[in-house]
Amino acid sequence: MTAGAPIGTVTEPALLEVRHLVQEFVLRDYGGAKGGVLQAVSDVSFGLSAGETLGIVGETGSGKSTLARSVIQAPPPKHGSVIFQGKDLVGLSHRAMKPVRRDLQMVFQDPFTSLDPKWTVSRIVAEPLVAYAIGSRADRRERVNSLLDLVGLDPVSYGGRHPRELSGGQAQRVAIARALVLEPKLILCDEPVSSLDVLVQAQVLNLFEKLRRELSLSYLFIAHDLAMVRQVSDRVAVMYLGKLCEIGPVRDIYRRPLHPYTLALLESIPNPEPAAGKREADHVISGELPSPLNPPSGCRFRTRCPRAQELCAAQTPELRPLGAGGHLVACHFPLSGASAAPAGSQADAEPAAVKR
Amino acid sequence: MADPLLEVSDLRVRFRSRGGVVHAVQGIDFTIEPGQTLAIIGESGSGKTVSAYALMGLLPPTAQVDGSIRFNGVEVVGLAEKELQDHRGRNVAMVFQNPERSLNPTMKVGAQITEAVRRHLPLGRPQAHERAVELLRMVRIPVPERRFHEYPHQLSGGMRQRVIIAIALACEPALLIADEATTALDVTTQAQIMSLLVDLQQELGTALLMISHDLALAASYAEEVMVMYAGRFVERAGAADLFGNVRMPYTRALLDAIPRTDLEPHVLLPVIGGRPPDLSTIAPGCAFAPRCPDAQPDCREQVPALEQHEMGHWWACWHPCGKETAS
């Protein structure tokens, strides 16, 4: 990929711009496993404008969590730049990062391991304020109470509780309140609803949406399931083995997926309306994610791709625009037009040509 | 029709704890025919896993089990541990949610399968080894002879779950219980494992009981779905009927809360508030009434019974939803 205009940027000034980000880990031989350099994120570029939500979807091992952690510099990436509010975060000292972290917060998958079990809910939510020495004790208490209120927890009955006295959904609300207390611009959400029950999951997804509207927040929303990110995202990026396969506006991705992997992910979603009878085995993509220590040459998806040809092994496909409105795909043989509508999926109900 | 494989009637499970008695399962009835696929769905704490453990005879001594579980006509409730060990594995086997915790990390996978084989079948070491490799091949593990000598940490999550399925099927049980067997897996791996289970079921004629919180998953694979709430079944119907003709408001709420790929961005999901009730105190009336959008005063007075109101469609509700289909 050549340096130049970042891929997937929108016309408005970007809040976050990630350019050619590479993250590597060195593994030593251990047990029966071979060591080597593991490239978890490989040359990923995208932009995110203020008030926008970008969903990032991929299987376990696709590098989506590593990408989020590289954005908050925990740890900093090996190559590339992360430009947040016009400032490159890569190479900033710990001290220089501190004011940046006020605007850049994270919500993790498992709320119980990300909350201190010995602290009360009020103290957990107040901690960022204490760390940044904001307000008096009374100010902080007021702020914490209003935030608990905002995330739907009664401050009087929940403020004094410990994490173990909360349900999964309530604990995730506390984690969200803690992320919000400093009024950040961007929140990185790493599978924030994956460990929750369906009804609680819907409640928390609605909470994210309500907060986005009220506080004009931006999210980088990571999930392993395309259905999960649809409701909260403006654009969606699909990752496979450290690389972006496809990025584009939500409606285009779901109605006209261009990358065979995106289609495979869409077809893996269990269909709640089994009108078409039982599922067919051919909807299932075969095989497993190859080892990131030794990724396939050319296109990394080729070993599982039903459309793979010789070119796919020889040449790495670049992320390139296809169709209108910022829809980009990295594939030599993208799915096109009508054939892209996933058979048996709910997208069938929509005319394939509808554009945003 | 022949006798059912499994006949559960008025199954009740209570746990004694410091906080009092928890009524985890409050009287459920169902039957499974040989080769059938059923699903029990519900939220955490609805009693679905406790019910499955009761079928396996795996509940701890603090649990008091009442009612009857008849497997091929033989009563399971009250069996001694020794007889239960024969029941497990031979009659019914279980695949658990977390493949990491179900395998012994210090034992090669082949040895773990061989152990299960030799526990129940009168086979010598070489034959058991052969059978284990055959089982690995049956669950579509590539190069089974090599995988036999690997440790669980060398396998991916999907592969580990396949090994667990191989162990569960070692003695060709008549019933396989899959307790959230694919919840911890990626969507693509989930689809692979589910299609493997369906194929094996057809090959071996095993009955399958899926335990899941995912209504969409259950309905795409099961013939009949039982929705559980607060220790009771609240609706039971064929998969297609349940989606086309939901009658219990709780099932309706579960269906509405599923994120769908056809929703417009930034639309709020219709969702009910509140939490499932505390099962240590039994309030009169329908357990779902405090959260139910259609609740009437009489809902809080008497528990509605699960009754067959339409052919093959049971529900427990005083004021069922209308006939309109999913919005």
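Two strands count as paired when DSSP finds at least two bridges between them. The model on screen is predicted.

**Stop 1: the end of the sheet in chain B**

Select strand E4 (residues 63–71) of chain B together with E5(B); the two pair in the antiparallel sense over 2 bridges. Now pick Phe71(B): its bridge partner in E5(B) is Val74(B).

**Stop 2**

Colour chain B by its domain assignment: domain 1 covers 6–222 and domain 2 covers 229–315. Their C-alpha centres are 27 Å apart. The contact between them draws 19 residues from domain 1 of chain B and 15 residues from domain 2 of chain B.

On the domain 1 side, select E2 and H9 of chain B, each of which supplies at least two residues to the side touching domain 2. Which of these elements gives the most? E2(B) does, with 9 residues. By class, the domain 1 side of this contact divides into 9 nonpolar, 9 polar and 1 charged.

**Stop 3: a helix crossing in chain B**

Next, select helix H4 (residues 109–120) and helix H5 (residues 125–138) of chain B. Their axes come within 9 Å and cross at roughly 115°. Angles of 65 to 115 degrees count as roughly perpendicular, and that makes H4(B) roughly perpendicular to H5(B). The crossing of H4(B) and H5(B) is right-handed.

Show side chains for the residues that make the contact:

- from H4(B): Gly110(B), Ile113(B), Thr114(B), Val117(B) and Arg118(B)
- from H5(B): Ala128(B), His129(B), Arg131(B), Ala132(B) and Leu135(B)

By class, this contact of H4(B) with H5(B) has 5 nonpolar, 3 polar and 2 charged residues.

**Stop 4: where chain B meets chain A**

Finally, display both chains. Their contact takes 43 residues from chain B and 45 residues from chain A. On the chain B side, select helix H7 (157–168), helix H8 (187–204), helix H9 (215–221), helix H10 (239–244) and helix H11 (249–256), the elements that give two or more residues to the side touching chain A.

Which element of chain B has the largest share of that side? H8(B), with 6 residues. The residues of chain B on the side that touches chain A divide into 23 nonpolar, 14 polar and 6 charged.

How values were computed
Residues numbered from 1 in each chain as written. Chains lettered and ligands numbered in written order. Predicted model: local features only at pLDDT ≥ 70, side-chain atom pairs only at ≥ 80, totals over all residues. Axes fitted to C-alpha atoms, helices over the stretch in contact; angles between N-to-C directions. Helix = DSSP H or I, 4+ residues; strand = E, 2+ residues; numbered from the N terminus. Parallel < 35°, antiparallel > 145°, perpendicular 65-115°, else oblique. Left-handed = near helix turned anticlockwise from the far one by under 90°. Contact = placed C-beta atoms within 7 Å. Nonpolar A, V, L, I, M, F, W, Y, C, P; charged D, E, K, R; others polar. Domains from an automatic or database assignment.
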